[in-house]
Amino acid sequence: MKGHQTHMGYVREKPPVRGRRLSRLHAGTAYCSSLLHSPLSPTELCPDSPEEKPTAACASAEVQKLTGFWGLVNNAGISTFGETGWLPMETYEKFADVNLLGSIRTTLAFLPLLRKYKGRIVFMSSIIAYFTLGNGIYSMTKAAIEKFCDALRLEMKKFGVQVCIIQPGNYAPSTKIQPPVSAEQIWSELSEEEKAVYNKEYVEERANFFNRILSEGSTNGNEVVDAMVDALTSPAPKARYMVAKLKEKALVFVCALFPTVVMDSVLSYALSKVKLA
């Protein structure tokens with residue numbers, strides 16, 4: 001890569017970073033540049049698109065401007081709370097479009113450059129890909145992106161392209177991806193059919209339970225950033241980086257190695273205080 005202008009592409013779903021977060025981005029860029037022995041230029045894809053959603057055509061336009069490409073980080077994501085029947089189909093479509101299809105679109109657009117320069121592709125997943133406690137719609141998209149990455153990682157080996165997955169635990173206080181939920185708002189948005197099944201007290205209990213989980217999350221978001229940097233710059237990056245607390249890793253361990261009935265029992269016990277009536 002020496003002697004070439006090297007680019008790192010990224011997509012945002014929220015407004016640009018400011019203040020300390022912007023300084024961290026610049027610091028990370030400088031650090032990666034020193035490791036690669038060439039200038040590293042972060043490239044934001046389609047920053048002015050009305051829907052803040054990258055498209056293959058938009059990304060391809062950016063590709064034409066690049067003379068080198070080292071890594072692609074798929075980090076765009078959204079989250080929400082709600083049991084399966086509480087959310088309309090439009091919400092499911094939006095989540096699949098942003099959390100899953102958005103990453104796939106961007107990856108496909110940049111595959112030619114990534115293969116040419118033997119680059120890296122980093123995907124932001126979550127330990128929630130293994131289990132769920134109130135945000136099944138988010139779990140669904142993260143489980144899907146994991147399988148996409150598994151296929152892509154094997155297919156890219158012959159080109160020297162490495163694919164890595166970052167699996168953070170609960171970093172809600174740091175990333176703000178999931179703000180505290182409002183039981184009143186959830187109840188007001190439920191259909192009459194759902195209100196006939198779930199009483200308001202149940203919704204309040206579930207919302208309070210979920211908010212307690214959010215409040216227990218880590219504020220050290222730099223741990224996730226460090227994993228992303230390692231995935232981009234390490235001579236031997238890991239296929240998966242699980243960045244989580246010990247109890248979160250234990251849940252994943254139980255989910256991966258024990259029968260489903262065991263994990264169901266663990267999660268059912270955690271929810272045992274939340275009753276319909």
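Is Lys 247 buried or exposed, judged by its relative accessibility? At 54% relative accessibility, Lys 247 counts as exposed, where buried means under 20% relative accessible area, exposed over 50%, and partly exposed in between, with a 1.4 Å probe and protein chains only. The structure is a predicted model, in which local features need pLDDT of at least 70 and side-chain atom pairs count only at pLDDT 80 or more, while totals for chains, interfaces and linings use all residues. Residues are numbered from 1 along each chain as its sequence is written, and side-chain values use heavy atoms, with hydrogens and water left out.

Lys 247 lies in helix H10; helices (H or I, at least four residues) and strands (E, at least two) are DSSP runs numbered from the N terminus. Helix H10 comprises twelve residues, 246-257, and reaches 16 Å from its first C-alpha to its last. This is close to the 16 Å expected at 1.5 Å a residue, the expected span being 1.5 Å times one less than the number of residues. Glu 248, Val 252 and Val 254 are buried in H10. Seen down the axis of H10, the buried residues fall within an arc of 160 degrees and so line one face of the helix; the arc is that of the directions from the helix axis to the C-beta atoms. Leu 246, Lys 247 and Leu 257 are exposed on the other side of H10. The cover over the buried residues of H10 includes strand S6 (240-243) and helix H11 (260-270), contact being defined as heavy atoms within 4.5 Å.

The structure holds eight salt bridges, a salt bridge being a side-chain nitrogen of Lys or Arg within 4 Å of a carboxyl oxygen of Asp or Glu. One of them joins Lys 247 to Glu 216, with the closest N and O atoms 3.8 Å apart. Glu 216 is in the loop between H8 and helix H9 (222-233), so this pair ties together parts that are 31 residues apart in sequence. Glu 216 is partly exposed, with a relative accessible area of 45%.

A salt bridge is also formed by Glu 83 and Arg 206, whose closest N and O atoms are 3.1 Å apart. This pair links distant parts of the chain, 123 residues apart: Glu 83 is in the loop between strand S3 (71-74) and H3, and Arg 206 is in helix H8 (residues 200-215). Glu 83 and Arg 206 are both buried.

In helix H4, Lys 147 and Asp 150 are three residues apart and are therefore separated by about one helical turn. Their salt bridge has its closest N and O atoms 2.9 Å apart. Lys 147 is exposed, with a relative accessible area of 56%, whereas Asp 150 is buried at 15%. A network of salt bridges links Glu 146, Lys 147, Asp 150, Arg 153 and Arg 240.

The largest nonpolar core has 19 residues, and those with the most contacts inside it are Phe 69, Phe 110, Ile 121, Phe 123 and Val 163. A nonpolar core is a set of buried Ala, Val, Leu, Ile, Met, Phe, Trp, Tyr and Cys residues joined through side-chain atoms within 4.5 Å. Two or more residues are given to this core by each of helix H3 (89-117), strand S4 (120-124), helix H4 (136-156) and strand S5 (162-168). H3 gives the most, with eight residues.

Ser 103 lies in helix H3 and counts as buried at 6% relative accessibility. Leaving aside neighbours within four places in sequence, Ser 103 is in contact with Asn 74, Val 98, Phe 123 and Ile 145. Tyr 138 is placed in helix H4 and is buried, with a relative accessible area of 9%. Not counting residues up to four places away in sequence, Tyr 138 touches Ile 78, Ser 79, Asn 99, Ser 126, Ile 128 and Ile 177. The C-alpha atoms of Tyr 138 and Phe 81 are separated by 8.4 Å, the two residues being 57 residues apart along the chain.

Zero disulfides are present, a disulfide being a pair of cysteine sulfur atoms within 2.5 Å. The sulfur of Cys 164 is 9.4 Å from the closest cysteine sulfur, in Cys 149, which is too far for a bond. Cys 164 counts as buried at 1% relative accessibility, whereas Cys 255 counts as partly exposed at 23%.
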